[in-house]
Amino acid sequence: MESLRMIETWPVPSAAAAVVRADGSVAGSRGPVAQRFPLASVTKLLSAYAVLMALEEGAVELEEPAGPEGATVRHLLAHTSGLAFDAPRTQADPGARRIYSNAGFETLAEHVAEATGIPFSAYLREGVLEPLGMASTELDGSAAKDAVSSCADLTRFAAELQSPTLLDPSTVREATSVVFPGLNGVLPGYGNQKPNDWGLGFEIRSAKSPHWTGETSSPRTFGHFGQSGTFLWVDPEAGAACVALTDRAFGPWAVEAWTPFTDAVLAELRG
């Protein structure tokens, strides 16, 4: 895909990108796709998938208590537990606001580890990474932000998100639909969003503006970006997903580069 050449103009030391169709085929790739990059918050997509697996296995339930008093697994996945961004302190009642929370995902990982009797990183590896052949991917630290992976590995995950083999498709549809609709909140790097829609671990684009995806991305687009200069989106209307990994921290360069890049990818897919 010619649009992927745009990553060569990004002001970053290294970048890799790929587009994956809904049938799992790779439409194109660019850059060092085998290189491992820190994912930052794109880690949350992998962690959320492992939690969804624990739900299907019956180890945990969405409505069971977890985290602050009154909060549930559902609240933690949807960033509505009331926990602060990066500390286990409560800032709001559960379900009242969309407070993006690394602490919430760390609490969630501890909850799943206790329920399964397996360290969360091992549960993720055995349940998700190994079955998908993601041999370059590893979680060593926070379930919110400390995974490393390669573009090649994340193309496998992007294919799984579009045509699930490890989870029932209905589970993925629920996870990538808005949970607790109408809640406002801050999308890191992009300011207040009204509403700040989210699914079960997956950010939902909806009508957010500004946003890190494209101006032509469909409202159903879901995924995540990371402060390490990384993103993964799936656009069901386009029938495709895109992965981009860099080794430069998110900043104004990314705000300027990512949206036209995504719009170019979508235009090429349509064409």
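The largest pocket in this predicted model holds about 320 Å³ of space. Its lining is made up of 16 residues, and R173, T176, R220, F222 and P236 are the closest to its centre.

**The largest pocket**

- Three elements each give at least two residues to the lining: α5 (151-162), α6 (169-175) and β10 (230-235).
- Of these, α6 provides the largest share of the lining, with three residues.

- You will find T221 in the loop between β8 and β9.
- The side chain of T221 makes a polar contact of 3.3 Å with the side chain of D235.
- Leaving out residues up to four places away in sequence, T221 touches E203, I204, R205 and T213 on one stretch of the list, and W233, V234, D235 and P236 on the other.

**Strand β1 and its two partners**

- Strand β1 covers residues 15-21, and six of its seven residues are buried, leaving the strand mostly covered.
- One partner is β11 (residues 240-246), which runs antiparallel to β1 and is joined to it by seven bridges.
- Within that pairing, R21 sits opposite A240 of β11.
- The other partner is β2 (residues 26-30), again antiparallel, with four bridges to β1.
- Here V19 faces G28 of β2.

**The open sheet β3-β5-β4**

- Three strands make up an open sheet in the order β3-β5-β4, and their pairing is antiparallel.
- Which strands are at the edges? They are β3 (36-38) and β4 (138-139), each of which pairs on one side only.
- Two bridges connect β4 to β5 (residues 147-150), and this pair is antiparallel.
- E138 has V148 in β5 as its bridge partner.
- P38 belongs to strand β3, and its relative accessibility of 46% makes this proline partly exposed.
- Although 109 residues separate P38 from A147 in sequence, their C-alpha atoms are 6.2 Å apart in space.
- Apart from neighbours within four places in sequence, P38 is in contact with A147, V148, S228 and T230.

**Helix α1**

- Is α1 enclosed or open to the outside? Of its 15 residues, 13 are buried, so the helix is largely enclosed by the rest of the structure.
- The length of α1 also checks out: at 1.5 Å a residue, its 15 residues should span 21 Å, and the end C-alpha atoms are 22 Å apart, which agrees.
- Just after α1 comes G58, with a positive phi of about 85°.

**Positive phi in residues other than glycine**

- A40 is not a glycine, yet its phi is positive, at about 50°.
- The loop that holds A40 runs between β3 and α1 (43-57).
- With a relative accessible area of 13%, A40 is buried.
- S206 is another residue other than glycine with a positive phi, near 50°.
- The loop between β8 and β9 is where S206 lies, and a relative accessibility of 16% places S206 among the buried residues.

- Where does the chain take a cis peptide bond with omega near 0°?
- P195 falls in the loop between β7 (191-193) and β8 (203-204).
- Another cis bond joins S209 to P210, with omega of about 0°.
- P210 is located in the loop between β8 and β9 (222-226).

How values were computed. Residues numbered from 1 in each chain as written. Predicted model: local features only at pLDDT ≥ 70, side-chain atom pairs only at ≥ 80, totals over all residues. Heavy atoms only, no water. Pairing = 2+ DSSP bridges. Buried < 20%, exposed > 50% of the residue type's maximum accessible area, 1.4 Å probe, protein only. Expected span 1.5 Å × (residues − 1). Polar contact = N/O pair within 3.5 Å; in protein donor to acceptor, adjacent residues only side chain to side chain. Contact = heavy atoms within 4.5 Å. 1 Å grid on protein atoms, 1.4 Å probe; cavity = no way out; pocket = protein on both sides within 12 Å on 5 of 7 lines; lining within 4 Å. Points joined across faces, edges and corners; volume = space filled by probe spheres on them.
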